[in-house]
Amino acid sequence: MKGEKRKTGGFSFSLLSFNFDRFIPALVKGLIGLVGAQVAICSLNLALPPDMTKAERASAVALDRNGAWLRALPVDDGRWRIRADLDRTDPTFVQHLLKIEDERFYWHPGVDATAVARALLSNLHAGNIVSGGSTITMQTARLLSPHPRDYGNKAVEALRALQLELRYSKRDILSIYLSLAPYGGNLEGVRAASLSYFGHEPESLTLGEQALLISLPQAPEARRPDRHAFAARVARDRMLARLQKAGAVDGLQVREAMNEKIASQRLVFPAIAWHTAGRLAHAVKGLQATVVTSLDSNLQQRLEILAAGTAKQQGPNTSVAILVIDIKTRGVRASVGSGGLNRPGGWVDMTRAVRSPGSSLKPFIYGFGFEDGLIAPDTRLMDVPTRFGDYQPEDFDRVFHGEVSVKEALVNSLNVPAVSVLSRVGPDAFEGRLEAAGVQLYRPKSRLRDAGLALALGGEGIRLDDLALLYAALGDHGLSKPLAYTVDDEQQRLNDGGTRLMRAEAADKIVAILRETPPPAGRLPGPLMRAGNRPAFKTGTSYGYRDALAVGVAGGYAVMVWTGRPDGGARADQTGREAAAPLLFDVFDLLQAPSQLPAPLGPARAPVALKALNGPDSRASILFPPKNTTVYVEASGSDGAGNLKVVRPLKLSARGQRPVTWYIDGQPLAADGNGEFSWLPRAEGFYDLTVIDAAGHSDKSHVRVKAIDGTGPQ
């Protein structure tokens with residue numbers, strides 16, 4: 001009841017403490033005001049968004065399929081502003097950074113009121129600005145839009161920090177900060193600093209490296225280790241002391257970190273697969289930090305060396321292009337765009353250039369003929385002077401061979417029989433079937449005229465990567481799929497049914513015929529000598545010797561090589577067989593050989609084998625056969641018990657203190673008369689090999705053994 005009072009323990013109060021007739025309107029007005037303020041803030045947030053230009057213009061990094069650095073692109077002003085990748089950044093470094101710079105980063109809304117109050121008191125006590133109380137988000141706002149440090153700009157910085165928190169996750173904000181933080185000179189971002197000063201990604205950092213990277217953005221020019229090593233050391237050691245005071249590390253760790261050497265010079269960033277890695281890095285959007293390509297850094301570097309040597313050998317204006325494709329996934333394992341950036345036209349990526357294929361499309365003409373039932377490998381064709389309307393082709397050597405089989409015509413790359421079959425298949429139908437598989441042919445005068453019979457001899461252009469795509473389809477039993485340049489694309493290709501270029505039977509016949517193509521003079525296919533893995537390849541030479549091509553499949557790979565002048569100029573007597581086929585065989589040999597290059601840039605942590613200090617030769621290590629590989633043995637069939645009759649045993653090799661002992665699937669292997677270990681696998685399949693050296697150290701290798709015919713001709 002209104003006005004009724006109750007006494008309790010000497011106190012009295014009204015049962016109706018509030019006048020609701022007055023309170024409710026006031027509450028409504030307050031809520032309306034709050035909503036109005038929120039609307040105003042949101043409107044300002046939308047009308048005046050933070051400027052993200054610097055973050056969006058940062059460079060992404062292209063990595064190889066194993067995580068090795070290939071290339072990054074500098075931004076327009078020549079700065080290395082490399083996007084941070086938290087998945088590849090040492091988590092301990094991130095913890096220490098937040099411990100020093102913003103301990104409540106994950107809890108505040110962009111502005112830390114406690115830190116601001118503490119900084120204000122410190123500044124009042126000192127009489128000037130000695131502490132800004134800036135959070136990581138506020139520092140990110142300042143890095144996005146640099147401005148002088150004063151209280152007015154600090155307020156703007158706080159508002160921008162709130163905007164960033166509304167728009168981005170904490171992880172995104174931290175990534176932006178670690179991408180824009182200055183580290184001296186033209187280095188921005190922790191990845192650029194780590195690679196330039198330490199020679200490795202920030203995936204694993206020593207405590208001394210962490211302390212230096214935390215201290216550098218506070219005075220990047222004054223503390224640059226490559227110019228001011230003493231100042232850098234002092235700043236690092238002070239940061240280590242702060243980390244110890246904060247309880248992040250102990251005294252022993254600090255003393256060890258203080259003994260670490262300071263980098264005295266900057267390292268040059270890698271630039272591997274310059275054309276392809278640059279193109280893929282350029283395509284990265286938004287805040288994405290890394291594109292993981294399908295390339296193999298070790299193979300890429302070896303082929304770049306090989307391409308440079310070939311280009312130099314073939315003349316001052318010559319360039320080279322090489323593509324290596326894993327047929328199973330269509331992953332591009334190597335993409336060499338030129339013979340070197342220092343050569344004429346070296347900046348042009350010739351793997352994507354439109355060039356004349358010469359005779360390299362002939363296998364597809366015959367393959368479509370097989371599929372249409374027009375011909376078979378033993379069908380007889382006439383290689384004689386023949387006029388097809390107003391077109392009369394000649395063989396390359398200007399010698400006609402009379403009656404030949406389709407197989408002989410393809411192996412010897414005879415022109416008249418190929419044109420004859422194309423006339424039956426139909427040039428337009430041929431071109432249409434390639435287009436259905438995603439490959440376009442380019443006519444010299446666009447589409448002013450219909451496809452002609454001259455396309456059998458290279459009369460229409462084709463992109464060189466499309467030519468490689470076609471041969472990968474041959475190696476995959478006639479199934480065409482786009483090439484994959486990233487690991488994500490590779491996974492998609494595995495799940496993609498593809499497009500049928502030709503029936504498997506026709507494609508397999510073409511591959512079998514191409515395996516009988518004689519290798520270039522003085523060359524044998526090396527480790528691929530046996531018929532089962534002999535390269536099935538075709539060469540091509542364009543008019544005026546402008547293009548020398550060799551394309552083939554072997555060992556699960558499709559390889560395309562091209563040599564010529566990027567400007568399309570003519571060369572003297574540089575045929576596909578003489579100028580490109582030897583290079584093709586070199587590439588196939590490299591695909592089978594172990595890497596001889598140093599390991600790519602990686603984290604600084606010690607490998608597992610080096611976590612305990614031993615002598616340089618004290619640990620056991622299997623050299624052959626390498627881990628997780630397929631090993632081919634020559635066999636002449638099997639005996640009555642089903643065991644392989646191995647022609648040549650496998651010579652096992654290992655590093656370690658002698659003598660060593662080998663075990664195959666747990667069973668000891670006896671040494672031969674020379675003290676060597678020769679293994680005769682009993683059957684195809686998977687085996688576990690173990691080696692134990694005299695010091696008791698061991699290593700294991702899991703391999704698959706496959707047999708190839710060891711009775712055929714060499």
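1. Contact is taken here to mean heavy atoms within 4.5 Å, and helices (H or I, at least four residues) and strands (E, at least two) are DSSP runs numbered from the N terminus. The model is a predicted one, in which local features need pLDDT of at least 70 and side-chain atom pairs count only at pLDDT 80 or more, while totals for chains, interfaces and linings use all residues. Residues are numbered from 1 along each chain as its sequence is written, and side-chain values use heavy atoms, with hydrogens and water left out.

2. In helix α11 (residues 251–258) the buried residues are G251, V254 and A257, where buried means under 20% relative accessible area, exposed over 50% and partly exposed in between (1.4 Å probe, protein chains only). Seen down the axis of α11, these buried residues fall within an arc of 125 degrees, so they line one face of the helix; the arc is that of the directions from the helix axis to the C-beta atoms. The buried residues of α11 pack against α9 (207–215) and α10 (229–245), whereas R255 and E256 are exposed on the other side of α11.

3. At the start of α11, a side-chain oxygen of D250 comes to within 3.2 Å of the backbone nitrogen of L252. Helix α10 includes R242, which is partly exposed with a relative accessible area of 42% and touches I100 and Q218, residues up to four places away in sequence not being counted. R242 and K99 are 143 residues apart in sequence and, C-alpha to C-alpha, 9.6 Å apart in space.

4. Five strands form an open sheet in the order β9-β8-β19-β18-β17, with antiparallel pairing, two strands being paired if DSSP finds at least two bridges between them. At the edges stand β9 (331–336) and β17 (536–541), each with a single partner strand, so one side of each is left without a neighbour in the sheet. Neighbouring strands of this sheet are turned by 10 degrees against each other on average, direction ignored; the axes are lines fitted to C-alpha atoms, for helices over the stretch in contact, and angles run from 0 to 180 degrees between N-to-C directions.

5. Strand β8 (residues 319–326) has eight of its eight residues buried, so it is largely enclosed by the rest of the structure. S319, A321, L323 and I325 point one way from β8, and V320, I322, V324 and D326 the other way. Eight bridges pair β8 with strand β19 (residues 557–564) in the antiparallel sense, and I325 stands opposite A558 in β19. With β9, which runs antiparallel to it, β8 is joined by five bridges, and L323 stands opposite S335 in β9. The hairpin of β8 and β9 has four residues between the strands, and there R330 takes a positive phi near 65 degrees.

6. The structure holds eight aromatic pairs, where rings of Phe, Tyr and Trp (its six-membered ring) pair if their centres lie within 6.5 Å, planes under 30 degrees apart counting as stacked, over 60 as edge-to-face and the rest as tilted. The rings of F105 and Y106 have their centres 5.0 Å apart and their planes at 75 degrees, so the pair is edge-to-face; F105 is buried at 0% relative accessibility, and Y106 is partly exposed at 48%. W274 and W347 have ring centres 4.9 Å apart and planes at 90 degrees, so this pair is edge-to-face.

Note on methods
A polar contact is a pair of N or O atoms within 3.5 Å; within protein, one must be able to donate a hydrogen and the other to accept it, and residues adjacent in sequence count only if both atoms are side-chain atoms.
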